[in-house]
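Here are my notes for a first look at this one. Have the sequence and the 3D view open, and take the points in order.

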Amino acid sequence: MMGPAHALSGAAAWLGAGALALSLDRPMPWPVLLTGALICAGAALAPDLDHKAATISRAFGPVSRNLCEVIDKLSYAAYKSTRKKGDPRRSGGHRTLTHTWLWAVMCGAGAAGICALGGRWGVLGVLFVHMVLAIEGLLWRHARVSSDVLVWLLGATSAWMIADILDRPGNGAGWLFTEPGQEYLWIGVPIVLGALVHCIGDALTVSGCPILWPIPVGRKRWYPIGPPKAMRFRAGSWVELKVLSPVFMVLGGIGALGALGYIG
């Protein structure tokens, strides 16, 4: 799928998770619900860092472009070194390593570690990256005609304001992980969820997605999970723009109402 649909699906997934959390007696304070939705929307763009034309690869200028080249080579090396006889030969790393459950978990754990060990600046760094990606994904038409600096300033301002709100008692810095020193560990959860939602979205397209790697399926270690081919669509097609995106918006609204206790 394309960036806007990925971002919408990520936000909707977190809002739905908020409704589930309420049903499990772990309600999200509203700042966690809002912040998590934005983080999840941004994280749902992150797996495409292995593609030079992707939103995330352009979002941070030379830094993300150079990182994209590194990730692409790393992904291709992982593919070549672990492929089985049934896996096709390929010339690049797109939709390989970064499109797996293992990568999603590693990204979430890494972000949680940065927040725990880096203190406020670690939290601000993680928030800044995901706020910029959320802006690029959810407001992509406006972001495209704006300068990168303007988007970065908006991301930095949003990160600073959100961190201040979360720091206030009862606003969710210690949600889910409640022991002393575990503040903001929960930020890793929407990052994992966003990456997984991205993979599920790509699995619906023509090429499928090797979500299960490194678990082999038959003669393939990079088995492209997906529905029957007749049910798949091309990225950027009318199905994504006219059907799935509106569905994500509706599901997100229902999830938000459920998370806030208006439905249930």
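1. A salt bridge here is a side-chain nitrogen of Lys or Arg within 4 Å of a carboxyl oxygen of Asp or Glu. By that rule D164 pairs with R120, and their closest N and O atoms are 2.8 Å apart. D164 is in helix 7 and R120 in helix 5, so this bridge ties together parts 44 residues apart in sequence. Helices are DSSP runs (H or I, at least four residues), numbered from the N terminus.

2. Before going on, keep in mind that this is a predicted model, where local features need pLDDT of at least 70 and side-chain atom pairs count only at pLDDT 80 or more, while totals for chains, interfaces and linings use all residues. Residues are numbered from 1 along each chain as its sequence is written, and side-chain values use heavy atoms, with hydrogens and water left out.

3. Which other residue forms a salt bridge with R120? It's D167, with the closest N and O atoms 3.0 Å apart. This pair also links distant parts of the chain, with D167 in helix 7 and R120 in helix 5, 47 residues apart. Through shared partners, R120, D164 and D167 join into one network.

4. How open is that network? For the cut-offs, buried means under 20% relative accessible area, exposed means over 50%, and partly exposed is in between (1.4 Å probe, protein chains only). D164 has 31% relative accessibility, so it counts as partly exposed. R120 is partly exposed too, because its value is 30%. D167, with a relative accessible area of 42%, is partly exposed as well.

5. The salt bridge count comes to 3. One of them joins the side chains of R95 and D202, at 3.4 Å from N to O. R95 lies in the loop between helix 4 (62–82) and helix 5 (101–138), and D202 is in helix 8, so the bridge ties together parts 107 residues apart in sequence. Are these two buried or exposed? Both R95 and D202 are buried.

6. Stay with helix 8, residues 188–203, and find H198 there. Its relative accessibility is 0%, so H198 counts as buried. What does H198 touch, leaving aside neighbours within four places in sequence? The contacts (heavy atoms within 4.5 Å) are H6, A44, L45, P47, D48 and H99.

7. Now the aromatics: there are 6 pairs. The rings of W14 and W175 have centres 6.2 Å apart and planes at 80°, so they are edge-to-face. W14 is in helix 1 (residues 3–23) and W175 in the loop between helix 7 (148–167) and helix 8, which puts the two 161 residues apart. For the record, rings of Phe, Tyr and Trp (its six-membered ring) pair if their centres lie within 6.5 Å, with planes under 30 degrees apart counted as stacked, over 60 as edge-to-face and the rest as tilted.

8. V247 is in helix 9, and at 38% relative accessible area V247 counts as partly exposed.

9. Last stop: V206, in the loop between helix 8 and helix 9. V206 is partly exposed, because its relative accessible area is 40%. Apart from neighbours within four places in sequence, V206 is in contact with R232, F233 and R234. V206 and R90 are 116 residues apart in sequence and 17 Å apart in space, C-alpha to C-alpha.
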